[in-house]
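Colleague: Can we go through this one together? I would like to know how its parts sit against each other.
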Amino acid sequence: MPRVSQEQAKLNRQRVVEVASSLFRERGLNGIGVVDIMAAAGLTHGGFYGQFANKDALAAEAFDVAIRAEYEANLNAFIENYLSIGHVHTPGRGCPVAALVNDIGREPSGSALRARFTHAVKGLAGLIADRLPKMSKERRRQRSLVALSTMVGAVVLARGVDDEALADELLKAARSTITG
């Protein structure tokens, strides 16, 4: 079997991380295995350990890719997109904080995933705080933490209920609480 070029190996690794990022958010950290991730990326599982130390290392990298997603919009657009039925129904393309909070909570303290999750929560809170009207730094931080908690909680609850009207009501209530 011919060896893969360094460039192709880099592209393959990127593809695996992107696919894993989506699948972890859709199915949870323990709901998908390495073989399935590699197959979804169009690769055999044999090359996995040449690229990653283990599944946890892939999960940590995949989390980083997911969190870098589109958080560049203004605050109202960010909130509107986050608290949408579209976000609720597409966890594989949505925020990994809302998608993986329960799985991450089961990870041991000090794990790479918990550290990345903590960094992501701080980063998201910071992004929100930076977009809030000028007020004291402490007040902006408090408001951003409340907003983030409300947003993540509303999305998690909306994903959990089997009543579309209630899901929509949860999202609308969160939006009105955050935006005033």
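This is a predicted model: local features need pLDDT of at least 70, side-chain atom pairs count only at pLDDT 80 or more; totals for chains, interfaces and linings use all residues.

Colleague: Where are the domains?
Modeller: The domain assignment gives domain 1 as residues 1-70 and domain 2 as residues 72-179.

Colleague: How far apart are their C-alpha centres?
Modeller: The centres of domain 1 and domain 2 are 25 Å apart. In the contact there are 16 residues from domain 1 and 19 residues from domain 2.

Colleague: And how much area is buried between domain 1 and domain 2?
Modeller: About 1400 Å², with 69% of that area coming from carbon and sulfur atoms.

Colleague: Which three residues of domain 1 supply more of its buried area than any other three?
Modeller: Arg25, Leu29 and Phe63, which supply 48% of what domain 1 buries against domain 2.

Colleague: Changing topic: how many salt bridges cross the interface?
Modeller: The rule finds one between domain 1 and domain 2.

Colleague: Which residue does Asp64 form a salt bridge with?
Modeller: Its partner is Arg116, and the closest N and O atoms of Asp64 and Arg116 are 2.6 Å apart. As for polar contacts, six residue pairs are counted between the two domains.

Colleague: Which helices supply the side of domain 1 that touches domain 2?
Modeller: Helix H1 (6-27) and helix H4 (55-67) each supply at least two residues there. H4 gives the most, with eight residues.

Colleague: What kinds of residues make up that side of domain 1?
Modeller: Seven are nonpolar, three are polar and six are charged.

Key
Residues are numbered from 1 along each chain as its sequence is written. Side-chain values use heavy atoms; hydrogens and water are left out. Domain bounds come from an automatic or database domain assignment. Contact means heavy atoms within 4.5 Å. Buried area is the accessible area (1.4 Å probe) that two parts lose on being put together, summed over both. A salt bridge is a side-chain nitrogen of Lys or Arg within 4 Å of a carboxyl oxygen of Asp or Glu. A polar contact is a pair of N or O atoms within 3.5 Å; within protein, one must be able to donate a hydrogen and the other to accept it, and residues adjacent in sequence count only if both atoms are side-chain atoms. Helices (H or I, at least four residues) and strands (E, at least two) are DSSP runs, numbered from the N terminus. Ala, Val, Leu, Ile, Met, Phe, Trp, Tyr, Cys and Pro count as nonpolar, Asp, Glu, Lys and Arg as charged, and the others, Gly among them, as polar.
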